[in-house]
Amino acid sequence: MELQSLKNRFDLIGDDPQFNRALEVAETVASTDMSVLVSGESGVGKESIPQIIHNSSPRKHGKYIAVNCGAIPEGTMESELFGHIKGSFTGANENRKGYFEVADGGTIFLDEVGELSAESQKRLLRVLESGEFYKVGSSTVQKTDVRVIAATNVNLQEAIRQKKFREDLYYRLNQIPIYLPPLRERKGDIFLLFRKFAVDCADRYNMPPVVLTREAQAVLLSYRWPGNIRQLKNIVEQITILEPQRQIDAASLKKYLPFQDEDLHPVITGANVRDGGFMDDKEMILKMIYALKQEVEAIKQKISAGALPVSADGPEHQSSSGKIIDVTPTDNSDQISAEAPSEDLSISSLYEERIREVLRKFPRNRKAAAAELGISERTLYRKIKDFGIEVKKKKI
């Protein structure tokens, strides 16, 4: 497939030579069954490579399963990957197929493969070498025909030296290495990506896209982007929603860029850019802010159209979150009061309430709940623990 056609098919933006090379290698090896190890910093878009490989391969009609090894609790990893039999542990009320059994004939993408425990690494090596595995609690050997693509944002060679990752597994996974460069090494693609995200965000929220002045463009290109493409997308969305003006100057842009001091050298493992960290929290908060703005705007329109009843004390509206919002017009017709007790409208309270609402919608499906919230499963697990939320256990 011609390279630009491939980019269009998978909605990829960029003309950087290293980026193009990664796509070319992915397409070239798709017709083989060789294992692929995708490396690169967090946020560079490693998940696009296994999708390209699977959909361009003879296995494209088989199952494609993406597994975030860092989001699955260590105690359940082997059951998730290889399945278990009834009675093999407390709560194992029935036989369960693991991902390697379900994906037979297809492809498994193991993201954050460096997070696997020593026992899970041992079992994975056996599958890669012979296609054989045991379900947890079973002594019966099963066979599977699965292509494995792995990804990591950590240095596996260093992990090998520290005895945290098996050297034989590393070489088995790394038959074909693919490297995705960080955004700071793709200077020519930064502004292309900014414009793409600005247009997409504007379309999603039905507002004009933001544009940058020349000075702001220079700031954009000189920044180090420790969170890479994911960080750039988050910042574009923040600016689109929060900035009142559509033309963004350098001063306005800098408000959204941490680590601007030239002497600072941010690393990708900081809490501000890690999967399941601060950026996930910020993204969810922004979505709640925008939802609230939409709700208030809808109330204003109803008032203007006379469709909302007005009580003697002034109109009130119960939001989807259950809070009563006072929408009494003020002297300024463009403003609406949304007064409520401060603790009820705190970010933390809104955050907790939104999580509880989605967990009620998906009581036994954490993956679907995380997707609905727009956060990673790891963040969802962490927030459930932080807020002390009791959830229904997933049926096994």
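Predicted model: local features only at pLDDT ≥ 70, side-chain atom pairs only at ≥ 80, totals over all residues.
1. The chain as a whole. The sheet belongs to a protein chain with 16 helices and 11 strands. Of the 396 residues in the protein chain, 45% are buried. Among the contacts in the chain with a separation of 6 or more, 69% are between residues 24 or more positions apart.

2. Strand β3 and its neighbours. Strand β3 covers residues 107-111. On one side, β3 pairs with strand β2 (residues 64-68) in the parallel sense, over 5 bridges. Within this pairing, V67 has L110 of β3 as its bridge partner. β3 also pairs with strand β6 (residues 147-152), again in the parallel sense, over 4 bridges. Here T107 stands opposite R147 in β6, and F109 has I149 of β6 as its bridge partner.

3. Burial of β3. How many of the residues of β3 are buried? The count is 5 of 5, and the strand is described as mostly covered. In a regular strand the side chains alternate between the two faces of the sheet.

4. Strand β6. Which residues of β6 point one way, and which the other way? R147, I149 and A151 form one set, while V148, A150 and T152 form the other, and all are buried. Because 6 of the 6 residues of β6 are buried, this strand is largely enclosed by the rest of the structure. β6 is also joined by 4 bridges to strand β1 (residues 36-39), and these two strands run parallel. In that pairing, V38 has A151 of β6 as its bridge partner.

5. The loop residue G62. Where is G62 placed? It lies in the loop between α3 (48-55) and β2. Its relative accessibility is 29%, so G62 counts as partly exposed; the cut-offs for that class are 20% and 50%. Leaving aside residues up to four places away in sequence, G62 touches H54, G105 and G106. G62 and G106 are 44 residues apart along the chain, yet their C-alpha atoms are separated by 4.3 Å.

6. Helices α9 and α11. Helix α9 (residues 187-205) packs with helix α11 (residues 228-242) at an angle of about 45 degrees, and their axes are 9 Å apart. That angle makes α9 oblique to α11, and α9 passes α11 in a right-handed crossing. From α9, the contact is made by I190, L193, F194, F197, A198, C201, R204 and Y205; from α11, by I229, L232, K233, V236, E237, T240 and I241. By class, the residues of this contact divide into 11 nonpolar, 1 polar and 3 charged.

7. Helices α15 and α16. How do the axes of helix α15 (residues 366-373) and helix α16 (residues 377-387) cross? They come within 9 Å and cross at roughly 100 degrees. This makes α15 roughly perpendicular to α16, because angles of 65 to 115 degrees are placed in that class. R366, K367, A369, A370 and L373 in α15 meet E377, L380, Y381 and I384 in α16. The contact of α15 with α16 has 6 nonpolar residues, no polar ones and 3 charged ones.

How values were computed
Residues numbered from 1 in each chain as written. Heavy atoms only, no water. Axes fitted to C-alpha atoms, helices over the stretch in contact; angles between N-to-C directions. Parallel < 35°, antiparallel > 145°, perpendicular 65-115°, else oblique. Left-handed = near helix turned anticlockwise from the far one by under 90°. Contact = heavy atoms within 4.5 Å. Nonpolar A, V, L, I, M, F, W, Y, C, P; charged D, E, K, R; others polar. Buried < 20%, exposed > 50% of the residue type's maximum accessible area, 1.4 Å probe, protein only. Pairing = 2+ DSSP bridges.
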